Amino acid sequence: TDKAKKSHQAFVRHEFEFLQGLNSPICNAMRNFLLNWVPENETKNPELLKLGKDYNSYFTFSLHVNKDYIFEDEQIKEKYNKIYSDKAAESADADTAICGILGERLPPARLHDKINIPFGQSSGCQLVCMNSDAFNSYGKEQSFNSNISQLAMEKYTSALKYLLSDNNHHMLIDKMTVIFFAMKQNDEEECLLFAEAAAGSQNGKEEIDGVTENDIKAAGDYVAGMGIAPDVSGFETVDKNAEFYIVGFTPNGPRVCQKFIYKNTFGNIIKNMQKHQDDLRIRESIDRQIYFGGIKRELVLPKKGDAKKSDSRDISPPLMAGIMLAAFSGSKYPDAMLSTVIKRIKLDSDDENNKYIKLNDTRVGIIKACLNRKYQTEVITMSWNDENKNPAYICGGLFAIYERIQQKSANGKLNTTIKDAYFASACSRPSTVMPKIALLSNYHLRKLEVKDSEWYSEWIRRLTDRLDGGYPTTLSLDDQGCFIVGYYQMCSKLIALEKLNERKD
């Protein structure tokens, strides 16, 4: 079309003007291309036809595949920067400001380049975007408010686009895109170790030849300061002192929201993440990793069959960001993490196919981790603690004993246990529920053999004697967590003791 011809002619004229006086291999090649490329002769070009709808993509020029790009040529860069500086100086109306990134007085960027981020708009999203008069300030409109220079904008958007295009440097956790990199020339090993520690997945990365799970574990131990061999197979160049950056992004309409940014040495980050795993472990025998995806699954309504549920199966990005930051930095977990998991335990119920929906190792481990980090001491131990005098913890243990007595008296033929009927109430207001359960327990005890009845009665007496003030009226959120952990740990202890007694018999 005439419009297309005019556009091409303007392109050729502009490029010739720019290349005037430049003499380098790629500049000369570019001139030859402009002289010989005739668009009308390329309508059947198979390479262009393969692009389909992507024909409107951006292009660049190079002498060889994936190297020697024209914008990397020193003569090109020098002339471009001179023209850019001259135009900025000539423009009397050009606004300048101290760039918030570079710290120099430069023309600010009016519009910031779009970035393609998972779950974002197909046309791309902007990290800096002000498209409403409500954001105008001191007569400045659009992104002039941000005081980010055109030069800094081009640099940060180019860096983000590169990191998002490389599977070695980003992963998806729920709907959050987590970007990570080390400040070194080749950070493949650091990124692989971090991805394994955070998500248990290489996220499409190619494995390093000969690397096993034990190698990754050994390398992680070394980086965290717990190993002795610095040259673990496949990780000979890992640098535990390298600066490592982690950034979380979520899309929000036309914008990209930065949820967190964290920087530390790589060794400290891995050490904190291993401590994160230790804090989540509720039993010594558990050696599996609990990744962020596993934590998220325990904080949302469980999926049961094809039934539609009113609750969302997502958790808020700020909560997920807070959980990640706590893991990376070794700080306190968000209060919402504890309240959310307790809500799920109280509201969810097991089904025939899965008896570990309501209460399982991961959910109890989350409570343990939240409480221990909040009080900076071992409030919750790995197993039942006879020295723990918290009334809520003791009430949880009593509830487990009452439930076990009911189960033993019915020989496992129960449709509904006291946990199904009273757990949520006992967890919140023990004084209104526990006396009633204690009376029911006397009825169930009479159905047991004498030795079993005496054994359970001794346990009940031992715990009730420690409730000097009687059952608590109401329990705070932290105490509700103690109640749940006490119940869980006493269940495990009773089962273990019963098996031991059977072997003795």
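Predicted model: local features only at pLDDT ≥ 70, side-chain atom pairs only at ≥ 80, totals over all residues.
Four strands are arranged as an open sheet in the order S5-S6-S7-S8, with antiparallel pairing. Strand S5 (170-173) and strand S8 (255-265) stand at the edges with a single partner strand each, so one side of each is left without a neighbour in the sheet. From one strand to the next, the twist averages 20°.

- Helix H5 (residues 150-165) lies across S5, S6 and strand S7 (243-252), and the direction of H5 is at about 100° to S6.
- Helix H8 (residues 266-280) also packs on the sheet, where H8 touches S7 and S8 and makes an angle of about 100° with the direction of S8.

**Val247 in strand S7**

- Val247, which lies in strand S7, has a relative accessible area of 7% and is therefore buried, the cut-off for that term being under 20%.
- Not counting residues up to four places away in sequence, Val247 touches Thr177, Val178 and Ile179, together with Gln258, Phe260 and Ile261.

**Helix H8 against helix H12**

- Two packed helices are described by the angle between their axes and the distance between the axes.
- For H8 and helix H12 (residues 361-375), the axes come within 7 Å and cross at roughly 115°.
- On the H8 side the contact involves Asn272, Lys275, His276, Asp278, Asp279 and Leu280, which meet Gly365, Ile366, Lys368, Ala369 and Arg373 of H12.
- Sorted by class, the residues in the contact of H8 with H12 are three nonpolar, three polar and five charged.

**The cavity**

- One cavity of 30 Å³ or more is found in a search of the whole structure, and the volume of the largest cavity is about 60 Å³.
- The lining of the largest cavity is made up of Lys332, Tyr333, Pro334, Asp335, Leu338, Cys370, Leu371 and Lys374.
- Helix H11 (335-347) and H12 are the elements that give two or more residues to the lining of the largest cavity, and the largest share, three residues, comes from H12.
- By class, the lining of the largest cavity has five nonpolar residues, no polar residues and three charged residues.

**The second largest pocket**

- The second largest pocket has a volume of about 1,200 Å³, and 36 residues line the second largest pocket, of which Lys355, Tyr356, Gln407, Lys419 and Tyr487 are the closest to its centre.
- Helix H13 (391-409), helix H14 (418-428) and helix H17 (477-504) each supply at least two residues of the lining of the second largest pocket, and H17 contributes the largest share, eight residues.
- The lining of the second largest pocket is divided into 12 nonpolar, 11 polar and 13 charged residues.

Notes
Residues numbered from 1 in each chain as written. Heavy atoms only, no water. 1 Å grid on protein atoms, 1.4 Å probe; cavity = no way out; pocket = protein on both sides within 12 Å on 5 of 7 lines; lining within 4 Å. Points joined across faces, edges and corners; volume = space filled by probe spheres on them. Nonpolar A, V, L, I, M, F, W, Y, C, P; charged D, E, K, R; others polar. Pairing = 2+ DSSP bridges. Axes fitted to C-alpha atoms, helices over the stretch in contact; angles between N-to-C directions. Contact = heavy atoms within 4.5 Å. Buried < 20%, exposed > 50% of the residue type's maximum accessible area, 1.4 Å probe, protein only.
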